[in-house]
Amino acid sequence: MNTHLSSTHTIAAGAACRGINHVLGTEPWASAELARHAGKTILLRLPMGDLCFEITLSGFLNALKEIETPSLSLEVSSKALGDLVASSGSLREQAFKAVKITGDADLAQLIGRLAGQLQIGRAHV
C-alpha cells in the first residue's frame, strides 16, 4: 500500500483550496471544466510535504488527509524550486518545466490550461 499522507499539511491544503476555490468561483466555466473530472484526486508533492486534493462534483477542490492512489501527481523538487527562483525568462514556462507530472494526462492538460488562463489578481477578495 502506497498511501500519501498530508496530515501535517492539512491546514496548508485547506488554505490552498480556499484560495483556488475563490478564483474558480469567479470563473464558472473553469469549475464546470473541472467538474468533468469529479472524484479524481491530485497529489501535490512539494519540498515541505504533500498536499492532497479531490475534485468535487461542483468543480471545486476539497482537501484530503491522504490519497492511496492519486489520479494525478505534481511534484516539485527542492532543486527544481531553486532553479525556478534563479531562472530568467517566462515564469510560467519555467514553472511548467519545474513540475514532474505523473498520471491522468487529460487532467494535467486541463490544470495547465487553467493555470495559464485564470488570473488570481482578477479575483475580488
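This is a predicted model: local features need pLDDT of at least 70, side-chain atom pairs count only at pLDDT 80 or more; totals for chains, interfaces and linings use all residues.
## Contacts of Asn21

Contact means that heavy atoms lie within 4.5 Å. Which residues is Asn21 in contact with, leaving aside its neighbours within four places in sequence? They are Phe60 and Leu61.

Asn21 belongs to helix 1. Is Asn21 buried or exposed? The cut-off for buried is under 20% relative accessible area. Asn21 has 17% relative accessibility, so Asn21 counts as buried.

## The chain as a whole

The protein chain has five helices and seven strands. Along the sequence they follow the pattern β-α-α-β-β-β-β-β-α-α-β-α. The chain has 125 residues, and 36% of them count as buried.

How much of the contact in this chain links residues 24 or more positions apart? Take the contacts with a separation of 6 or more. Residues 24 or more positions apart account for 68% of them.

## Helix 1

Helix 1 covers residues 10-26. It has 17 residues. From its first C-alpha to its last it reaches 24 Å, close to the 24 Å expected at 1.5 Å a residue.

Which residues of helix 1 are buried? They are Ala13, Gly14, Cys17, Asn21, Val23 and Leu24. An α-helix has 3.6 residues a turn, so residues three or four places apart point the same way. The buried residues of helix 1 pack against helix 2, strand 3 (49-55) and strand 4 (61-64).

Ile20 also sits in helix 1. Its relative accessible area is 36%, so Ile20 is partly exposed. Ile20 and Phe60 are 40 residues apart in sequence. In space, their C-alpha atoms are 8.1 Å apart.

## Helix 2 and its two partners

Two packed helices are described by the angle between their axes and the distance between the axes. Start with helix 1 and helix 2. Their axes are 5 Å apart, and the packing angle is about 115 degrees. Helix 1 and helix 2 are therefore roughly perpendicular to each other. On the helix 1 side, Leu24, Gly25 and Thr26 make the contact. Helix 2 supplies Pro28, Ala30, Ser31 and Leu34. Of these residues, four are nonpolar, three are polar and none is charged.

Now turn to helix 2 (residues 28-35) and helix 5 (residues 105-117). Their axes come within 11 Å and cross at roughly 170 degrees. Helix 2 and helix 5 are therefore roughly antiparallel to each other. Helix 2 makes this contact with Trp29, Ala30, Glu33 and Leu34. Helix 5 uses Leu107, Leu110, Arg113, Leu114 and Gln117. What kinds of residue are these? Six are nonpolar, one is polar and two are charged.

The pairs can be taken one by one. Strand 2 (residues 41-46) pairs with strand 3 in the antiparallel sense, over six bridges. Here Ile42 stands opposite Phe53 of strand 3. Strand 2 and strand 6 run parallel, joined by four bridges. Arg45 has Glu75 of strand 6 as its bridge partner. Strand 6 and strand 7 pair in the antiparallel sense, again over four bridges. Leu72 stands opposite Gly103 of strand 7.

Ser73 is found in strand 6. Is Ser73 buried or exposed? At 17% relative accessibility, Ser73 falls under the cut-off and so counts as buried. Leaving aside neighbours within four places in sequence, Ser73 is in contact with Leu43, Lys100, Ile101 and Thr102.

Methods:
Residues are numbered from 1 along each chain as its sequence is written. Side-chain values use heavy atoms; hydrogens and water are left out. Helices (H or I, at least four residues) and strands (E, at least two) are DSSP runs, numbered from the N terminus. Buried means under 20% relative accessible area, exposed over 50%, partly exposed in between (1.4 Å probe, protein chains only). Axes are lines fitted to C-alpha atoms, for helices over the stretch in contact, and angles run from 0 to 180 degrees between N-to-C directions. Angles under 35 degrees count as roughly parallel, over 145 as roughly antiparallel, 65 to 115 as roughly perpendicular and the rest as oblique. Ala, Val, Leu, Ile, Met, Phe, Trp, Tyr, Cys and Pro count as nonpolar, Asp, Glu, Lys and Arg as charged, and the others, Gly among them, as polar. The expected span of a helix is 1.5 Å times one less than its number of residues. Two strands pair if DSSP finds at least two bridges between them.
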